[in-house]
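Have the model open as you read.

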Amino acid sequence: NRPRILVVDDVADVTEMIGLFLKHAGYEVATADSARAALQLARNEKFDIVISDIGMPQMNGYELAGELRTMPDYERIPIVAVTGYSEYDDRGRAVRAGFSTHLTKPIDPTRLLNLIGELLG
């Protein structure tokens, strides 16, 4: 059974790019263009890992992680924060919000794949 990954970003190019290389690496991938859409998917399906952008309109990645952590299937799964602003993004806040770890954009595909491999261990 292939691990299922949910990729969340309000920029379609980003979700498409991440989605494509994860599919090539053998993962099953679903994408969402907002935190609300991601929560909807998470309620209906079970994912093994969630990769989410932080800076999104309406509801940001911190709020999404917080919501996911209240759901029984998502209390312990790895949630990876992706951020474009390393200076604004503080690791402590991401961890307090429920993220397992975080990556800065632009995303290095090899680094992401290695990270996912470790997290799914």
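The buried residues of helix 1 pack against strand 1 (4-8), strand 2 (28-32), strand 3 (49-53) and helix 5 (109-120). Those buried residues (under 20% relative accessible area, 1.4 Å probe, protein chains only) are Val14, Thr15, Ile18, Gly19, Phe21 and Leu22. Helices (H or I, at least four residues) and strands (E, at least two) are DSSP runs, numbered from the N terminus.

This is a predicted model, so local features need pLDDT of at least 70 and side-chain atom pairs pLDDT 80 or more, while totals for chains, interfaces and linings use all residues. Residues are numbered from 1 along each chain as its sequence is written, and side-chain values use heavy atoms, leaving out hydrogens and water.

Contact here means heavy atoms within 4.5 Å.

| Helix | Residues meeting the other helix |
|---|---|
| helix 1 | Ile18, Phe21, Leu22 |
| helix 5 | Pro109, Leu112, Leu113, Ile116 |

That contact is made of seven nonpolar residues, with no polar and no charged ones (nonpolar covers Ala, Val, Leu, Ile, Met, Phe, Trp, Tyr, Cys and Pro; charged covers Asp, Glu, Lys and Arg; the others, Gly among them, are polar).

Just past helix 1, glycine 26 has a positive phi of about 100°.

Over in strand 2 sits alanine 32, which counts as buried because its relative accessibility is 4%. Beyond its neighbours within four places in sequence, alanine 32 touches Leu6, Val7, Val8, Asp9, Thr15, Ala37, Ala38 and Leu41. Its C-alpha atom is 7.5 Å from that of leucine 6, 26 residues away along the chain.

Terms used. Buried means under 20% relative accessible area, exposed over 50%, partly exposed in between (1.4 Å probe, protein chains only).
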